[in-house]
Amino acid sequence: MRIIAAALILTVIAIAGPASAISRYESLGKTCASVQQLIAGEGAVILRYPSSRGGPVLYDRYVAGRGQCDISDYASRTYVPTKDNPACPVYNCKPSSVFNPH
């Protein structure tokens, strides 16, 4: 019985695989094209940038598309500031709802 339990545990660990870390970048240190390439290449990244009103540093998770969002979310176009573009188009995940059923 212990052998079966140990085999089951090892199988679950092997299937789960290692957790992948998400990369973090400062968006103002990169061009819009390079930010979009990073997101496309990694699937999802965290971008940090200063608030436009001089407040705290803002950050969020930006994704290549719907496939990186939870099942109940959708990829929504938004914009981040970059070195060469104050409104670089990217996507992040937003929750779907009855009012916004994407």
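1. The chain has two helices and five strands, where helices are DSSP runs of H or I with at least four residues and strands are runs of E with at least two, numbered from the N terminus. In sequence order the pattern is α-β-α-β-β-β-β. This is a predicted model, in which local features need pLDDT of at least 70 and side-chain atom pairs count only at pLDDT 80 or more, while totals for chains, interfaces and linings use all residues. Residues are numbered from 1 along each chain as its sequence is written, and side-chain values use heavy atoms, with hydrogens and water left out.

2. Of the 102 residues in the chain, 25% are buried. Buried means under 20% relative accessible area, exposed over 50%, and partly exposed in between (1.4 Å probe, protein chains only). The accessible surface of the chain is about 7,200 Å², and carbon and sulfur atoms hold 61% of that surface; the areas come from the Shrake-Rupley method with a 1.4 Å probe. Among contacts with a separation of 6 or more, 34% are between residues 24 or more positions apart, a contact being heavy atoms within 4.5 Å.

3. The largest nonpolar core consists of 11 residues: Tyr-25, Cys-32, Val-35, Ile-39, Val-45, Leu-47, Tyr-49, Tyr-62, Val-80, Cys-88 and Val-90. Two or more of these residues come from each of α2 (32-42), β2 (44-50) and β5 (88-95). Such a core is a set of buried Ala, Val, Leu, Ile, Met, Phe, Trp, Tyr and Cys residues joined through side-chain atoms within 4.5 Å. Leaving out residues up to four places away in sequence, Val-80 touches Leu-47, Tyr-49, Tyr-62, Asn-85, Pro-86, Ala-87, Cys-88 and Val-90.

4. How is α2 placed against the strands? Its buried residues pack against β2, β3 (57-63) and β5. Cys-32, Val-35 and Ile-39 are buried in α2. They lie on the same side of α2 because they cover an arc of only 65° around the axis, the arc being that of the directions from the helix axis to the C-beta atoms. An α-helix has 3.6 residues a turn, so residues three or four places apart point the same way. Gln-37, Ala-40 and Gly-41 are exposed on the other side of α2. Just after the helix, Gly-43 has a positive phi of about 90°.

5. The count of salt bridges is one, taking a side-chain nitrogen of Lys or Arg within 4 Å of a carboxyl oxygen of Asp or Glu as the rule. The side chains of Glu-26 and Arg-48 form this bridge, at 2.7 Å from N to O. The pair links distant parts of the chain, with Glu-26 in strand β1 (residues 24-26) and Arg-48 in strand β2, 22 residues apart. Glu-26 is partly exposed, with a relative accessible area of 41%, and Arg-48 is also partly exposed, at 36%.

6. Asp-84 sits in the loop between β4 and β5. Apart from neighbours within four places in sequence, Asp-84 contacts Thr-31 and Cys-32. A polar atom of the Asp-84 side chain lies 2.8 Å from the backbone nitrogen of Cys-32. The C-alpha atoms of Asp-84 and Ala-33 are separated by 9.2 Å, although the two residues are 51 apart along the chain.

7. Ser-76 is part of strand β4 (residues 73-80). Ser-76 counts as buried because its relative accessibility is 16%. Not counting residues up to four places away in sequence, Ser-76 touches Val-90, Tyr-91, Asn-92 and Lys-94.

Notes: Polar contact = N/O pair within 3.5 Å; in protein donor to acceptor, adjacent residues only side chain to side chain.
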